[in-house]
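Trainee: Hi! Could we go through this model together, one question at a time?
Mentor: Gladly, let's have a look.

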Amino acid sequence: MAGLAVGVSSMKAGERALLHVGWELGYGKEGSFSFPNVPPMADIIYEVELIGFDEVKEGKSRGDMTAEERIGSADRRKMDGNSLFKDEKLEEAMQQYEMAIAYLGDDFMFQLFGKYRDMALAVKNPCHLNMAACLIKLKRHEEAIAQCTIVLAEDENNAKALFRRGKARAELGQTDAAREDFLKARKHAPEDKAIARELRLLDEHDKAVYKKQKELYKGIFGPPPQPKPASVLTRIWEWLILIYQWLLSLIYRLSKRERHKAD
């Protein structure tokens with residue numbers, strides 16, 4: 001697209017922009033009735049993030065590559081990202097993974113089937129998972145969950161995606177959802193010690209929370225109040241009442257005896 005090319009050529013790596021492409025430099029009077037579907041004489045607004053440049057490195061534009069070439073270029077980007085990840089250069093590694101994924105965008109994947117789709121997913125899914133690993137290290141857990149969920153949409157039994165999503169959820173305090181992910185991951189990788197360790201940590205966390213809540217409730221409700229010892233004045237008053245009752249009883253008995261003698 002001529003308009004998109006003009007807009008992107010004025011951008012710097014890492015920059016984000018909204019590009020308004022007029023229909024003359026877009027899909028023209030005829031529009032497009034394939035993918036994407038664009039009406040005739042329609043202006044287009046793109047939200048673009050320029051991840052980086054790769055024209056010189058690859059030798060030809062992405063649109064001119066065959067499916068094998070695009071998958072191969074994406075794989076090379078993934079390997080570059082892995083090297084940066086090992087050196088703890090997480091931001092740079094993520095940039096390479098993003099560029100690899102850009103070769104395997106939705107419009108490209110939509111056209112693939114059979115062995116070509118399998119080849120593309122064998123590169124694309126690890127890039128998303130490696131992105132998730134970087135994001136977990138950077139404490140960007142919500143984004144890590146999103147990357148793992150993309151993989152699980154294609155492969156719901158992917159143990160690595162379930163494990164990393166569970167780890168990100170655990171860091172966010174979503175313990176029930178995290179445990180569910182870890183248990184699913186263990187079903188597909190029963191010998192994985194990392195999964196067992198995370199489940200053990202969740203159990204220890206739950207026990208600690210229960211103990212803390214128990215102590216809290218104990219402090220709120222506490223033991224039943226004990227009766228306070230009676231004060232000196234209270235005791236004197238009680239004795240006076242007893243003496244008064246004894247005197248009334250004595251007077252009643254004496255008066256009764258006098259009436260009996262009179263009779």
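Mentor: A term to begin with: helices (H or I, at least four residues) and strands (E, at least two) are DSSP runs, numbered from the N terminus. Keep in mind that this is a predicted model.

Trainee: Which elements make up the secondary structure of the protein?
Mentor: From the N terminus on, the elements run α-β-β-α-α-α-α-α-α-α-α-α-α. Counted up, the secondary structure comes to eleven helices and two strands.

Trainee: Is Arg165 buried or exposed?
Mentor: Leaving out residues up to four places away in sequence, Arg165 touches Ile145, Cys148, Thr149, Leu152 and Asp181. Buried means under 20% relative accessible area. Arg165 has a relative accessible area of 12%, so the word for Arg165 is buried.

Trainee: What share of the 263 residues in the protein is buried?
Mentor: The same cut-off of under 20% relative accessible area applies to each residue. Across the 263 residues of the protein, the buried share is 31%.

Trainee: And how does Ile241 count, given its relative accessibility?
Mentor: Ile241 lies in helix H11, residues 232-262. Ile241 has 34% relative accessibility, so Ile241 counts as partly exposed.

Notes
Residues numbered from 1 in each chain as written. Predicted model: local features only at pLDDT ≥ 70, side-chain atom pairs only at ≥ 80, totals over all residues. Heavy atoms only, no water. Buried < 20%, exposed > 50% of the residue type's maximum accessible area, 1.4 Å probe, protein only. Contact = heavy atoms within 4.5 Å.
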